[in-house]
Amino acid sequence: RFWCDARVKLVGRLMVVFFAVLVLFTPVILFLLTSMGRACMAVVVLAFVFIFSVMMSLLMDAGDKEMLVGTATYCAVLVTFLGNLQRNIT
């Protein structure tokens, strides 16, 4: 009654985008700013892939196929970044 539906939807979408960017870039920033062992990096990748999957299932109307493709793509990007980071350190 007091709120404009278009503005509420816009704020909701902006919040989803903010959290998505936060979840996508936080592990990359962690890898760049800290020195971690391989086991710790694997745990960080696993944790953020899980958070991404949960966020995708709760905040978006994604089906099973979209969930699988989105999770696999995000995991592949993190692992590729991690592989390039390991090559530059050693």
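**Close-up 1**
F18 is found in helix α1; helices here are DSSP runs of H or I with at least four residues, numbered from the N terminus. This is a predicted model, so local features need pLDDT of at least 70 and side-chain atom pairs count only at pLDDT 80 or more, while totals for chains, interfaces and linings use all residues. Residues are numbered from 1 along each chain as its sequence is written, and side-chain values use heavy atoms, with hydrogens and water left out. Is F18 buried or exposed? At 52% relative accessibility, F18 counts as exposed, since the cut-offs are under 20% relative accessible area for buried, over 50% for exposed, and in between for partly exposed (1.4 Å probe, protein chains only). F19, at 37%, is partly exposed. The structure holds two aromatic pairs, where a pair means rings of Phe, Tyr or Trp (its six-membered ring) with centres within 6.5 Å. The rings of F18 and F19 have centres 5.5 Å apart and planes at 65 degrees, so this pair is edge-to-face; planes under 30 degrees apart would be stacked, over 60 edge-to-face, and the rest tilted.

Start at F18 and go 13 residues along the chain to F31: their C-alpha atoms are separated by 20 Å. For the whole helix, the 29 residues of α1 should span 42 Å at 1.5 Å a residue, and the end C-alpha atoms are 41 Å apart, which agrees. (The expected span is 1.5 Å times one less than the number of residues.) Where is the kink in α1? Look at F25, shortly before the proline P27, for a kink of about 30 degrees; the bend at a residue is the angle between axes fitted to the seven residues ending there and the seven starting there. V23, P27, V28 and F31 are the ones to look for if you want buried residues in α1. An α-helix has 3.6 residues a turn, so residues three or four places apart point the same way.

**Close-up 1. L30, another stop on α1.**
L30 sits in helix α1 and, at 30% relative accessibility, is partly exposed. Which residues does L30 touch once you ignore those up to four places away in sequence? They are M36, V44 and F48, with contact meaning heavy atoms within 4.5 Å. A72 is 42 residues from L30 along the chain, and the two C-alpha atoms are separated by 21 Å.

**Close-up 2. The largest nonpolar core.**
This core has 16 residues, and those with the most contacts inside it are V23, F31, V45, Y74 and L78. A nonpolar core is a set of buried Ala, Val, Leu, Ile, Met, Phe, Trp, Tyr and Cys residues joined through side-chain atoms within 4.5 Å. Helices α1 (5-33), α2 and α3 (64-89) each supply at least two residues of the core, with the largest share, eight residues, coming from α2. Zoom in on V45: leaving aside its neighbours within four places in sequence, V45 is in contact with F31, L78 and L82.

S53 has its place in helix α2 (residues 38-59), while T71 lies in helix α3. S53 is buried, with a relative accessible area of 15%, and T71 is buried too, at 18%. Not counting residues up to four places away in sequence, S53 touches M67 and T71. With that same exclusion, T71 touches V49, F52 and S53.

L68 is found in helix α3 and is exposed, with a relative accessible area of 62%. L68 and S53 are 15 residues apart in sequence, yet 8.7 Å apart in space, C-alpha to C-alpha. E66 also lies in helix α3, and at 47% relative accessibility it counts as partly exposed. Check E66 against M56: they are ten residues apart in sequence and 9.2 Å apart in space, C-alpha to C-alpha.

C40 is in no disulfide, and the nearest cysteine sulfur, that of C75, is 16 Å away. C40 is partly exposed, with a relative accessible area of 41%, and C75 is partly exposed at 28%.

How values were computed
The expected span of a helix is 1.5 Å times one less than its number of residues. A disulfide is a pair of cysteine sulfur atoms within 2.5 Å.
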